[in-house]
Amino acid sequence: MHRSEAPPRLISWNITLRCPLKCAHCYVDAGEHEAEGVLSTEEAKVVIDQIAEVGRPIVVLSGGEPLEREDTCEIARYGTERGLRMVMGTSGYLLDHKMAEHLKTAGISAVAISLDSTDPVIHDTFRGVHGAWEKAVSAIDHCHAAGIRVQINMTVVQPKSENIDSVIRFGTRRGVKDFHLFFPVHTGRGETINLMTPEAYEALIRHLLTRYQGSGINIRPTCAPQFRRIADELGVHNAAWGRGCLAGITYCRIYATGIVTPCPYLPVAAGDLRTTSFKEIWYASDLFIALRNPDNLTGKCGHCTYKTVCGGCRARAYQGHADTRWCDGLMKPQPLNGEIFAEDPWCFHQPGGVIQ
């Protein structure tokens, strides 16, 4: 099957921009205010119907904080009934025992809970609310008690292996085997975060892939597609990983208002679900079709032998070449105004044949 004909495997859906936390890196600048024109319950069900016409992807209900919506379980249950695998990404702040039982009944099969440190002070400072760490840890236990699989999402701001190793040890002791490590992209409130060098992050990725190879723990660096090149260089393989950058290829994001973008960090609209069906956007969007052709890549990424398995982070390429910095916030994703196919500025790998 050609890439342009393949159905999506994963969809992230910002069903709300409301959130009780004040995370320093939030790509949608979520807070106490809702997005103007957020999809209603009935509109959300129509979107689910349209997704089900295309395939049976994993649908991640995200936010903001998805549990801020009173109809979240109703939306999840409807998606489950249509044959979609419904999961959730949450801070855990509103996820008590009763809510975990509701999510299980609604068909939520897995929940990703954000945990950035084993130190409550560090986590709470980063998340902007005292007590966030305790609620996140409790949410892990509540989900397991309800029979829901848990994944820990950790945002990696400072690439110190001991910090990540401690979170992985902490999680495994609580029965967690899946860990996604998010490398921040300068969007939303995250634009002001001071990041380390690409070399430091690459060294961290090498450490993680080497240390946990064959451990039975599933680790995936996210927003760091060069991990596929590093894994190949180390001889580490995992069939579940897929391509490094999935944006617009097997993955997309649905914004709270129904705008579809390639990923949460790439604010380029591929279409509007209020006016165009998901099927038409996924298969016929000029943006998605272009992203599925690795020959469109330029610079180092265009010359790289890993361009079909890595592809470079399209969000970082876009942000590095956009005329103006974009902050998601309560704004709608904008038309293309940056070089989306440029080389990834966060990858220092020099492919053979590239003129320096």
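Which residues have the most contacts inside the largest nonpolar core? They are Trp13, Leu61, Leu95, Leu103, Val111, Phe183 and Phe288, in a core of 91 residues. A nonpolar core here is a set of buried Ala, Val, Leu, Ile, Met, Phe, Trp, Tyr and Cys residues joined through side-chain atoms within 4.5 Å. Buried means under 20% relative accessible area, with a 1.4 Å probe and protein chains only. Helix H5 (residues 132-146) gives this core its largest share, seven residues. A second, separate core has five residues, including Leu17 and Tyr255.

This is a predicted model: local features need pLDDT of at least 70, side-chain atom pairs count only at pLDDT 80 or more, and totals for chains, interfaces and linings use all residues. Residues are numbered from 1 along each chain as its sequence is written, and side-chain values use heavy atoms, without hydrogens and water.

Now the sheet. Ten strands form an open, mixed sheet in the order S7-S6-S5-S4-S3-S2-S1-S8-S9-S10. Strands S7 (218-222) and S10 (271-272) each have a single partner strand, so one side of each lacks a neighbour in the sheet. Strands (E, at least two residues) and helices (H or I, at least four) are DSSP runs, numbered from the N terminus. Two strands pair if DSSP finds at least two bridges between them. S8 (residues 251-254) and S9 (residues 259-261) pair antiparallel over two bridges. Ile254 has Val260 in S9 as its bridge partner.

Last, Pro198. Pro198 lies in helix H7 (residues 198-211). Its C-alpha atom is 6.3 Å from that of Cys347, 149 residues apart along the chain. Beyond neighbours within four places in sequence, Pro198 contacts Pro345, Trp346 and Phe348. Contact means heavy atoms within 4.5 Å.

Key
Buried means under 20% relative accessible area, exposed over 50%, partly exposed in between (1.4 Å probe, protein chains only).
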